[in-house]
Amino acid sequence: MPLPTVDGLSVRDHRVAFREWLSEQSDLQASVSCEPADLETAILQEQQLQQRLWDSGFGRRGWPAAYGGVGGTAVLRAATYEELTLAGLRVPQPSYTAETLCPALIRFAPSIAKLLLPGVLRGEEIWCQGFSEPEAGSDLASLRCRAEQIDGDSWSLTGQKVWTSFGHLSRRAAVLARTGESGHRGISMFLVDLEGQTVRANPIRANGGRNEFSELFFERHRVPASRLVGRVGQGWEVAMYLLQWERGMYAWQRQATLRARLESAVSKIRQRTDQPIGAAAALVRAWTSVSALRERSAATVGLLAEGESPGPAVSLDKVLLSHTEQLVMDACRSVEPLAFAFGPGVEAELSRSEWFYSRAATIYGGAVDVQRGIIAEHLLQLPRSPR
């Protein structure tokens, strides 16, 4: 029986119903509460969680009915992610990328979205973003990965992408490629299948020990013309729209996870008879920053849910998120410094992995220095920095 639409459903009613459903899923606590140190195992568990959420109908709330959802706005999805962490579960990591890519596909490539979105949203597929290149990180306008039209039905893609999250686990990638002149006007976006001998994904092991990233290689990889997202040369516009969701909804998802990490750290320090030097102050600083991030990202998600553009103000979300990630991980380390440094077991290993990963928070997804320049120039109206 098809689920009824939920347009107009209040966030409060959604939270109440979802909490009740979660309380009845005792097996989820056993399978998705404690994150394994191995990323591939964690992702597999989280895909199964996505499937359960989709089958229950809660994972379909907040997505348009035309794309497999049951209606409602993105605010319902945001509430779902937070309720998962409040219940002691995890935000599925594949949903980070889905929340970034799927709204852009709905807007710029609705035919692709109708065909493929249900699969990724219910956890059957993992997608990734093929943006950064060895010599084009924050400066995406200088990318060199090239797509050449073979005929009216396909393109040939050649080049390299790097620092691609979950690339070696992904079935498809949203790839920015040069199809025209130099600069941002000559860039197009394609949704590329990562299958066949003309594409290769090499995992990159991060300092924390996990295969967090990949480098992708394309050698005359054939891409159907139907997988063009938007128009030829519109890739920059698509990417800028996409980044609003990356810095808005992603920040919201992360604040929910970071708050859960802090609550665990606070619980541990309360059980200690001694208190590590500086731990209490570190927890207070981190909690203040998480609270600010929650308010900021909630406002951004609210704007996006109403179809409005936050504009350059999303750079504030990115800067605040980067700062908060590092504060939270530093605070967690300060609570159990010896266990962090030398402790055996999955929990200590995961804690170290997360701390190392947080060191890159000021670089990935748009370097913080670049974001501060955007804030200074476009929000504070300060003179443009000399190049």
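The protein has 12 helices and eight strands, and what you are looking at is a predicted model. Let's start with the overall dimensions and then work inward.

The C-alpha atoms fill a box of roughly 70 × 60 × 45 Å along the principal axes. For a chain of 387 residues, a compact globule would have a radius of gyration near 21 Å, and the protein agrees with that because its own value is 21 Å. Of those 387 residues, 52% count as buried. The exposed surface comes to about 17,700 Å², with carbon and sulfur atoms supplying 53% of it. As for how the chain folds back on itself, take the contacts between residues at least 6 apart in sequence: 74% of them join residues at least 24 apart.

Which residues of α1 are buried? They are His 14, Arg 15, Phe 18, Trp 21 and Leu 22. These residues cover an arc of only 130° around the axis, and that is why they end up on the same side of α1. Over on the other side of the helix, Arg 12 and Ser 23 are exposed.

Zoom in on Phe 18, which sits in helix α1. Its relative accessible area is 0%, so Phe 18 counts as buried, the limit being under 20%. Setting aside residues up to four places away in sequence, Phe 18 touches Leu 53, Phe 58, Thr 80, Glu 83 and Leu 84. Take Phe 58 from that list: Phe 18 and Phe 58 are 40 residues apart in sequence, yet their C-alpha atoms are 7.0 Å apart in space.

The buried residues in α3 are Leu 39, Ala 42, Ile 43, Gln 45, Glu 46, Gln 47, Leu 49, Gln 50, Leu 53 and Trp 54. What covers the buried residues of α3 includes α1, α2, α4, α5 and α6.

On to the interior. In soluble globular proteins, nonpolar side chains tend to be buried together. The largest nonpolar core here has 67 residues, and those with the most contacts inside it are Leu 117, Trp 127, Met 189 and Val 229. At least two residues of this core come from each of α4, α5 (93-108), α6 (110-121), β4 (172-178), β5 (187-193), α7, α8 and α9 (314-335). Which element gives the most to this core? That would be α7, with 14 residues. Apart from this core lies another one, of 16 residues, among them Ala 177, Val 192, Leu 216 and Val 223.

Two residues deserve a visit while you are inside. Leu 117, leaving aside its neighbours within four places in sequence, is in contact with Tyr 67, Cys 102, Leu 105, Ile 106, Ile 112 and Trp 127. Trp 127 is also among the residues with the most contacts inside the largest core. The other stop is Gln 253, found in helix α7. Is Gln 253 buried or exposed? It is buried, with a relative accessible area of 0%. Again leaving aside neighbours within four places in sequence, Gln 253 is in contact with Tyr 81, Val 91, Ser 95, Tyr 96 and Glu 99.

Finally, a couple of backbone torsions to check. Trp 163 is not a glycine, but has a positive phi of about 60°. It belongs to strand β3 (residues 154-165), and its 52% relative accessibility means it counts as exposed, since the cut-off is over 50%. Phe 166, another residue other than glycine, also has a positive phi, near 60°. Phe 166 lies in the loop between β3 and β4 and counts as buried because its relative accessibility is 6%.

How values were computed. Residues are numbered from 1 along each chain as its sequence is written. This is a predicted model: local features need pLDDT of at least 70, side-chain atom pairs count only at pLDDT 80 or more; totals for chains, interfaces and linings use all residues. Side-chain values use heavy atoms; hydrogens and water are left out. Buried means under 20% relative accessible area, exposed over 50%, partly exposed in between (1.4 Å probe, protein chains only). Helices (H or I, at least four residues) and strands (E, at least two) are DSSP runs, numbered from the N terminus. The arc is that of the directions from the helix axis to the C-beta atoms. Contact means heavy atoms within 4.5 Å. The radius of gyration is taken over C-alpha atoms; the globule rule is 2.2 Å times the number of residues to the power 0.38. Accessible areas come from the Shrake-Rupley method with a 1.4 Å probe; for residues, only the protein chains shown count as cover. A nonpolar core is a set of buried Ala, Val, Leu, Ile, Met, Phe, Trp, Tyr and Cys residues joined through side-chain atoms within 4.5 Å.
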